[in-house]
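Here are some remarks on the fold, set down as numbered points for a colleague who works with coordinates.

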Amino acid sequence: MSQACSAILKANMRIHGKIVVITVCFGIFLLFYFWGSNAADDLQLKTAVNEGGHKDSNSVPTPLELKLDAAKFAKKPPIGVVVRLDEPPGGRAEPNSIGRGANVKEKSKPRGNVARTVTKIKHAEEVMHLAVVACGNRLDETLTMLKSAVLFSIKRIRFHIFAEDLLAPLFKERLNQWPRSVIAKFQYSIYPITFSVGNTDEWKKLFKPCAAQRLFLPVILTEVDSLLYVDTDVLFLRPMDDIWSILKSFNSTQLAAMAPEHEVPKIGWYSRFARHPFYGVTGVNSGVMLMNLTRIRSTAFKNSMIPNGLPWEDLLHPLYQKYKNHITWGDQDLLNIIFHYNPECLFIFSCQWNYRPDHCMYGSNCKGAEEEGVSILHGNRGVYHDDKQPAFKVLYDVIKEFPFEDNMFQSLFYPIQTKFLDTVNTLCGRIPQVFLKQIERTMKKAFEEKVVRHVRPHK
């Protein structure tokens, strides 16, 4: 009996000893666990202070700090997405590459409901540059042109307005009176009329007042890469964005784009009367001219005066001196001479981008406009201000009188349609589809963007 009790007592003591040992070991484990956690927290706090710039810049991290820092950044999850410029519209941006190579253990950990900062890189919005030269009584005509550009365009526009001293404050006053919603779509700069070489009075009187200023745009606007120049008597019937996109169609040698002066050599002016070299078969019209100014400034242009090429600025005055007694259309003639000797530098776009009375008063001869409609209307010959071509005057008058922020269908397109009916018996009014097709398409697109897209139910 005593032996059995002694055995039971020994067994209990062994079990009790094991429990004590296990308890002691568990206590030691907890002690080390909490000590290690506090040390890690202290290091994270110290690292956060370092990142905030509060630690002495001369302090040297310990090997343990470096090891833990490296581990922390290696396991850091992605903090956002990078929006790339080449991301397709509606496409999903790729996540930041940091964290793609994280180990399996890190990926398997539950992330919980912790909010993460999403960072997006915003690229500078593309701005289109539009230049015009206004002298004399061209204030209202120029403002109507600028108005048509703003009404239909999508991207923001920077206006470069070259004006006589008397007109400059009037432009500023009138533009600042436009509604805020319209002003938000453009910026503008006003410049004096200046000519870097030659006699200023001669340049001013070369053709129409101050028209030769366009020749000096590459020299003056040195910070501008590309530019669309238009005459004051131009109206946009579709977004300027569309002609601006032609810049992407230039090949490696092309640095400017214009439309032919005429489509039919037998009735073209240059092909019949010019006494100087000109581009191609019918010459080109400079009322609408798209330019890559950077390329123009860096090109040596071939010419008939010296064997070697000349930079743009050095070419203008000698060219004028040589041909001033043979040119009729001033700066346009000089441009024709330049591109006669440098045809590889010119991109030719369709007459629909520079549609003039010449394209309809002798019969319809602009196939581009017949197929697509007029994109840019050029009312030269003063047709906006007389009754010789009522079809041109209708469009000008309606756009000029259109109240900003009114319904475009009711206050712009419908009046144009209605008033155009009165011109169908005239030379240009007999082809209404040519004048109305593109602007109708523009109106429908604007309606879909502003109305249909916003009321369409979400799926």
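**Notes on packing, sheet and disulfides**

1. The crossing of α15 and α16 is right-handed, and it should be read with the caution that this is a predicted model. Helix α15 covers residues 390–401 and helix α16 residues 408–420, and the two pack at an angle of about 155 degrees with their axes 10 Å apart. Since angles over 145 degrees count as roughly antiparallel, α15 is therefore roughly antiparallel to α16. From α15 the contact draws on A391, V394, L395, V398 and I399, and from α16 on S411, L412, P415, I416, K419 and F420. By class, the residues of this contact comprise 9 nonpolar, 1 polar and 1 charged.

2. Helix α15 also meets α4, where the axes come within 9 Å and cross at roughly 80 degrees, which makes α4 roughly perpendicular to α15. On the α4 side the residues are D140, E141, T144, K147 and S148, and they meet Y396, I399, K400 and E401 of α15. This contact of α4 with α15 divides into 2 nonpolar, 2 polar and 5 charged residues. I399 takes part here and is also listed in the contact of α15 with α16.

3. A further pair to inspect is helix α12 (residues 312–323) with α13, whose axes come within 10 Å and cross at roughly 110 degrees; α12 is thus roughly perpendicular to α13. The crossing of α12 and α13 is right-handed. The contact is formed by W312, L315, L316, L319, Y320 and Y323 of α12 together with L334, L335, I337, I338 and Y341 of α13, and these residues divide into 11 nonpolar, no polar and no charged.

4. In what order do the strands of the open sheet lie? The sheet has 7 strands, arranged as β3-β2-β1-β4-β7-β6-β8 with mixed pairing. The edges are taken by β3 (186–191) and β8 (346–348), each of which has a single partner strand, so that one side of each is left without a neighbour in the sheet. From one strand to the next, the twist averages 25 degrees.

5. Helix α5 (residues 168–175) lies across β1 (127–134), β2 and β3, and runs at about 165 degrees to β3. Helix α13 (residues 331–341) also packs on the sheet, where it touches β6 (256–260), β7 (284–292) and β8, with a direction that makes about 65 degrees with that of β7.

6. Counting cysteine sulfur pairs within 2.5 Å as disulfides gives 3 disulfides. One of them joins C135 to C210, with an S to S distance of 2.1 Å. The torsion about this S-S bond is about -100 degrees, so the disulfide of C135 and C210 is left-handed. C135 lies in the loop between β1 and α4 (139–152), whereas C210 lies in the loop between α7 (200–204) and α8 (217–220), so the pair ties together parts that are 75 residues apart in sequence.

Key
Residues numbered from 1 in each chain as written. Predicted model: local features only at pLDDT ≥ 70, side-chain atom pairs only at ≥ 80, totals over all residues. Heavy atoms only, no water. Axes fitted to C-alpha atoms, helices over the stretch in contact; angles between N-to-C directions. Helix = DSSP H or I, 4+ residues; strand = E, 2+ residues; numbered from the N terminus. Parallel < 35°, antiparallel > 145°, perpendicular 65-115°, else oblique. Left-handed = near helix turned anticlockwise from the far one by under 90°. Contact = heavy atoms within 4.5 Å. Nonpolar A, V, L, I, M, F, W, Y, C, P; charged D, E, K, R; others polar. Pairing = 2+ DSSP bridges.
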